[in-house]
Every structure is written in C-alpha cells, then in structure tokens.
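Me: I'd like to go through this model together, one question at a time. Could you show it first?

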Amino acid sequence: MSGKAVILNSFGAPNAVLQVVSAPRPTPGPKQVLVHVKLRPVNPADLFSVMGAYPGFAPKTFPATPGLEGYGVVAEVGAGVTRVKVGQRVSPFFDTISGHGSWQEFIVIDEQALALVPDNVSDESAAQLIVNPVTVVLMLKELKIPKGEFLLQSAAGSTLGRQVIQVAAAQGIKTINLVRRSAQIDELKALGADIVVSTEGLETADAIAKAILAATGGKHAYGAIECVGGVTTAAITMSVRHGGFVLVYGAMVGMEGTVHVPSFIFRDVTYKGFWLGSELARMTNQQIQAVTSEVFELMSKGIMVPNSGEIFPLDKVVEAVIKSNAAARGGKILLGN
C-alpha cells in the first residue's frame, strides 16, 4: 500500500519546487508508530521552509517533505508500543529538521513524539496544535503579565494574534491589539479584545505610540509581543512600561526593525527573541507533553479555537499555498489527503 507525499528536490518558490508523488507505506520498528496523517495546516513558516529561509526545516539531502505540524490516526504499532493503539487520534512532533514533515500520508514516528488528542478536540484544531497554540502558551508564561494588566501585541488579526486574545482574556489579562486595517476592530473586539488600535494611515513610530497611549488613557502595557518589524517595533518599545519586556517572534514587513533608544537607556525596556524551535529543544519530553496537554485543555474548554478555513487535497498543494497567502480572514488553509 502506498500514499501521497509532497516533496521538494531543492529549495525555491513553492509553486516551482513542490511535487506530489506516490510514497510507499513504511513499517514501524520497535517503540515506533505508523501514523496516517489526515490534516495539516499551511503555515507561513511552512512556506519559508520550502524557500530555504526557515531553520526549523534543514534537510541535508533531498527529496524532503515539508510540514511543521498535523493530525492523524495510528495505523500500525511496532513492538513494545504501550502509549497508543491502532485507531487512536494523535498530533505528532515531526522531524522537520531532517525533512520528514507532515505533508505526506504515512510516516513513522517514535512513540514518545506523539500528543494524544482528546475526544472533544476537533480534527482541524488538533492539526494546528504546535506552531501557534504552543507558542501562545509559552510566550504568555514567559511574560508573566498579572491579571488586570495590559499585554500589547502587533498583528493581532493573525491566527496567533486571535489565540492570544482568547487565552489572555481567560487569564484575566487585558489586551491592546494593533491591526493594519480599521475593518478588523469590531471583529477582534467580538473575540474578546479590550482595545484595538488600527495603524492604518499611521506612518511613524511616534504616531502609533501616541495612538496606543490615547486608547489606554496614558497607561503603558506591562509587556508585549511583536512580529511586524519596521517602525512598529519602535512604537512597541515606546508603549511598554518602565522595565517592560518585549518578545519578538517574527518580522512580517522585513528583516529589520527600528527601536526607540531612549526606552532602552532611560526606561529599562528589554527585548528578547522567541523561536518555538529553540524553546522546544530546551524542554524535556515531559515538559513538552505538559504544554501540549495544557493547549488541548484550552481547546476542550472552547477558550482557544484555531481559525480553520478551506481544506485542499494533497495533490492540490500549490493551489492551497496560493490561497493561504490571501486567506488570513477566512481561516487557516489545511491540506487533507
């Protein structure tokens, strides 16, 4: 029996290098599990992976299969496997560094590299367990924002930004949310956002910072997360409290961001990069299982609900990639089989 797999033989533009091929069904060894992958999202990081611009996907040989996360069902178990059984729903931790990602139907995974999906979590949510939800939970833990204080975030209308709003609200943390279009304001407030500030028409860091402080009545945010870059980075520097802490996890408008130097010198503002790959590498398997269990609990309670969109078959991967570039408001594009 064989299945479909998306492969690339070199890095490049997704529409130029991605191919769909028939791949043999592998056999699990001792303590290994064969997973029939059912769904996987098309994340921006997946597209950067294909282009060779993401360190979490670094195969030394080709062909390689991208895909940072996904959901599947146990199809077969190897000798000595005790954690799972055939037919059980799982979200694997794929070996994407070596090029063994989720954009394929069948893959062998070590028994311990599986998160067990609760019955009341949807397939679509389970497929999106890692990249955004685990990032949200870990960043909020690192920021340690007290109840009633403000968290400031850029790109609040993104998939991750929406999840931040949901989880922060459940924890009693108020949010200040930057968006690029005024049309997003009511939508995010309906999701639980306390303050939404549109940067539409605001060209400078000073203008954005003044808009933020006007919306809060002059109160600075306790801490912030930033993924835009450019003048937004400086505006966030200016808008957090004395001694405030900012986590930078992306750079949507380019690889450079400006900073407000006086905030570093006179207000003791601290910046730190955040990459999920590094965080997971520092964690034990027990810690990883604990954070995925926490995410699944948030999903089970309806607190964190990933925004899922259209599902494309694997052999329409190029069409899915094209749609994903314009689908932020319609939900995360997913690949089925």
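Predicted model: local features only at pLDDT ≥ 70, side-chain atom pairs only at ≥ 80, totals over all residues.

Me: Are H4 and H11 roughly parallel or roughly perpendicular to each other?
Reply: The axes of helix H4 (residues 130-143) and helix H11 (residues 285-300) come within 10 Å and cross at roughly 105°. Angles of 65 to 115 degrees count as roughly perpendicular. H4 and H11 are therefore roughly perpendicular.

Me: How many nonpolar residues are there in the contact of H4 with H11?
Reply: On the H4 side, the contact includes Pro-133, Val-134 and Leu-138, and on the H11 side Val-291, Leu-298 and Met-299 are among the residues involved. Lys-141 of H4 and Glu-294 of H11 also take part. By class, the contact has 2 charged residues, 1 polar and 8 nonpolar.

Me: Which residue forms an aromatic pair with Tyr-54?
Reply: The structure holds 4 aromatic pairs. In the one with Tyr-54, the rings are 5.9 Å centre to centre with 85° between the planes, and the pair is edge-to-face. Tyr-54 lies in the loop between helix H2 (44-50) and strand E4 (71-77), and its partner in the loop between strand E13 (270-273) and helix H10 (276-282), so the pair ties together parts 221 residues apart in sequence. That partner is Trp-275.

Me: Which ring does the charged end of Arg-241 sit over?
Reply: Nice one to look up in the viewer. Lys-174 lies over the face of Phe-150, at 4.5 Å from the ring centre. For Arg-241, the charged end is 3.7 Å from the centre of the ring, and that ring belongs to Tyr-222.

Definitions and conventions: Residues numbered from 1 in each chain as written. Heavy atoms only, no water. Phe/Tyr/Trp six-rings, centres within 6.5 Å; stacked < 30°, edge-to-face > 60°. Helix = DSSP H or I, 4+ residues; strand = E, 2+ residues; numbered from the N terminus. Lys NZ or Arg CZ within 6 Å of the ring centre and 35° of its normal. Axes fitted to C-alpha atoms, helices over the stretch in contact; angles between N-to-C directions. Parallel < 35°, antiparallel > 145°, perpendicular 65-115°, else oblique. Contact = heavy atoms within 4.5 Å. Nonpolar A, V, L, I, M, F, W, Y, C, P; charged D, E, K, R; others polar.
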